[in-house]
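Please look at the sequence and the structure below before reading on.

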Amino acid sequence: MLLENKHAVIYGAGGTVGAAVARAFAREGAWVSLAGRTRTKLDRLAQDISAASGNVAGIAQVDALDVQAVEQHVGRLAEDVGALDICFNAVGDEATLGQPLLDIPFAEFIRPITRLVTAQFLIAKAVARYMIQRNSGVILTMTGSGLPMAGMGGAMTGWAAVDALCGQLARELGPHGVRVLWLQTTGLPEALTVDRFPAYGTGREGGMTRDELVDWLRGKTMLKRLTTLEEVGNAAAFLASDRAGAMTGSGANLTGGSVFG
Ligand SMILES: NC(=O)c1ccc[n+]([C@@H]2O[C@H](COP(=O)([O-])OP(=O)(O)OC[C@H]3O[C@@H](n4cnc5c(N)ncnc54)[C@H](OP(=O)(O)O)[C@@H]3O)[C@@H](O)[C@H]2O)c1
């Protein structure tokens with residue numbers, strides 16, 4: 001198994017991506033600590049992972065946008081488990097989706113940018129402090145493909161900002177043995193549920209239904225299919241493992257060829 005004897009903390013673990021990554025890490029032998037906003041989702045995930053013979057180290061309700069909450073949580077984890085080997089940030093952006101930029105107020109545009117950058121900065125800073133003491137660790141997060149898409153609100157700008165933030169973190173933390181990587185995907189069909197895109201189709205230009213959007217995204221790939229959640233989890237497990245020990249400061253292109261390089 002790729003992650004045997006590793007300890008991984010997943011923020012936003014109750015969400016679509018966070019849960020898939022937590023499951024994959026546990027499948028690969030890691031002890032997983034699940035952090036998120038809604039306790040019931042974390043409890044359900046912990047039960048699922050345990051039922052599949054995975055190891056759950058703990059569950060915590062943590063507001064990833066609150067500096068004190070994040071630092072206290074990471075401090076407790078470091079005391080309890082000793083080693084923080086892997087951190088995955090899957091905290092949600094809460095972007096307004098489906099409407100053109102000209103139709104959304106500034107507060108809605110800036111919200112996902114602030115949320116994505118704040119969560120990544122606070123979480124990475126808190127875990128890196130402990131990782132550098134052991135000269136080892138991997139910090140991962142999830143961003144977009146970079147392919148311009150209509151109706152994404154501030155999410156695309158936020159993802160680009162997180163890519164830049166991660167690049168700088170990788171440069172600063174590399175000499176201390178800490179790797180920083182971000183997973184780049186197109187929309188994941190399992191996450192692109194209709195309820196997440198209530199306004200899709202009402203946009204001024206290029207309005208698409210959820211299914212038309214999935215078809216459009218699929219058409220942009222080289223593989224002519226979209227990335228699955230399981231593939232995201234598997235890639236995250238590989239990147240977190242020692243097998244990817246030479247990789248840092250890079251986005252892992254999981255777009256099925258939607259973007260080149
Ligand atoms: N899904 C995709 O296709 C896709 C593609 C590219 C990038 N991404 C990025 O991947 C990340 C996760 O996406 P997702 O689809 O998994 O979103 P999601 O299903 O909405 O999950 C996000 C999770 O973050 C939690 N959360 C929100 N605010 C929080 C806070 N302040 N503190 C702690 N936890 C908080 C949510 O808690 P609750 O359980 O309380 O709601 C939820 O469990 C996002 O940043 C998104 O931009 C997603």
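Which side chain meets that of R37 in a salt bridge? In this predicted model, the side chain of R37 meets that of E94, with a distance of 2.9 Å from N to O. R37 lies in the loop between β2 (31–36) and α2 (39–51), while E94 lies in the loop between β4 (86–89) and α4 (106–134), so the pair ties together parts that are 57 residues apart in sequence.

The two partners can also be described by how much of their surface is accessible. R37 is exposed, with a relative accessible area of 58%, whereas E94 counts as partly exposed at 35% relative accessibility. The pair also belongs to a network of salt bridges, in which R37, E94 and R115 are linked.

## Other salt bridges

How many salt bridges does the structure hold? There are 9 salt bridges in the structure, and one of them joins R129 to E71, with the closest N and O atoms 3.5 Å apart. Because R129 lies in helix α4 and E71 in helix α3 (residues 67–81), this pair ties together parts that are 58 residues apart in sequence. R129 is partly exposed, with a relative accessible area of 37%, and E71 counts as partly exposed as well, at 32% relative accessibility.

Another salt bridge is formed by the side chains of D215 and R218, at 2.7 Å from N to O. D215 and R218 are 3 residues apart in helix α6 (residues 210–220), and therefore they are separated by about one helical turn. D215 is partly exposed, with a relative accessible area of 46%, and R218 is partly exposed with a relative accessible area of 33%.

## The sheet and its strands

In what order do the 7 strands of the open sheet lie? The order is β3-β2-β1-β4-β5-β6-β7, and the pairing is parallel. At the edges are β3 (55–61) and β7 (250–253), each of which pairs on one side only. On average, neighbouring strands of this sheet are turned by 20 degrees against each other, if direction is ignored.

Strands of a sheet pair through backbone hydrogen bonds, and this pairing can be either parallel or antiparallel. Strand β1 (residues 7–11) runs parallel to β2 and is joined to β2 by 5 bridges. Within this pairing, H7 stands opposite W31 in β2, and I10 has L34 of β2 as its bridge partner. The chain crosses from β1 to β2 through helix α1 (residues 16–27), and this β-α-β crossover is right-handed. β1 also pairs with β4 in the parallel sense, over 4 bridges, and here Y11 stands opposite N89 in β4.

## Buried residues and packed helices

Is β1 mostly covered or mostly open? The strand is mostly covered, since 5 of its 5 residues are buried. In a regular strand the side chains alternate between the two faces of the sheet. In β1, H7, V9 and Y11 point one way and A8 and I10 the other way, and all of them are buried.

Helix α7 (residues 229–240) lies across β4, β5, β6 and β7, and α7 runs at about 160 degrees to β6.

How many disulfides does the structure hold? The structure holds 0 disulfides, and C87 is accordingly in none, with the nearest cysteine sulfur, that of C166, lying 10 Å away.

C87 is buried, with a relative accessible area of 1%, and C166 is buried, with a relative accessible area of 0%.

Notes. Residues numbered from 1 in each chain as written. Predicted model: local features only at pLDDT ≥ 70, side-chain atom pairs only at ≥ 80, totals over all residues. Heavy atoms only, no water. Disulfide = S-S within 2.5 Å. Buried < 20%, exposed > 50% of the residue type's maximum accessible area, 1.4 Å probe, protein only. Salt bridge = Lys/Arg side-chain N within 4 Å of Asp/Glu carboxyl O. Helix = DSSP H or I, 4+ residues; strand = E, 2+ residues; numbered from the N terminus. Pairing = 2+ DSSP bridges. Axes fitted to C-alpha atoms, helices over the stretch in contact; angles between N-to-C directions. Contact = heavy atoms within 4.5 Å. Right-handed = clockwise from strand over helix to strand, strands pointing away.
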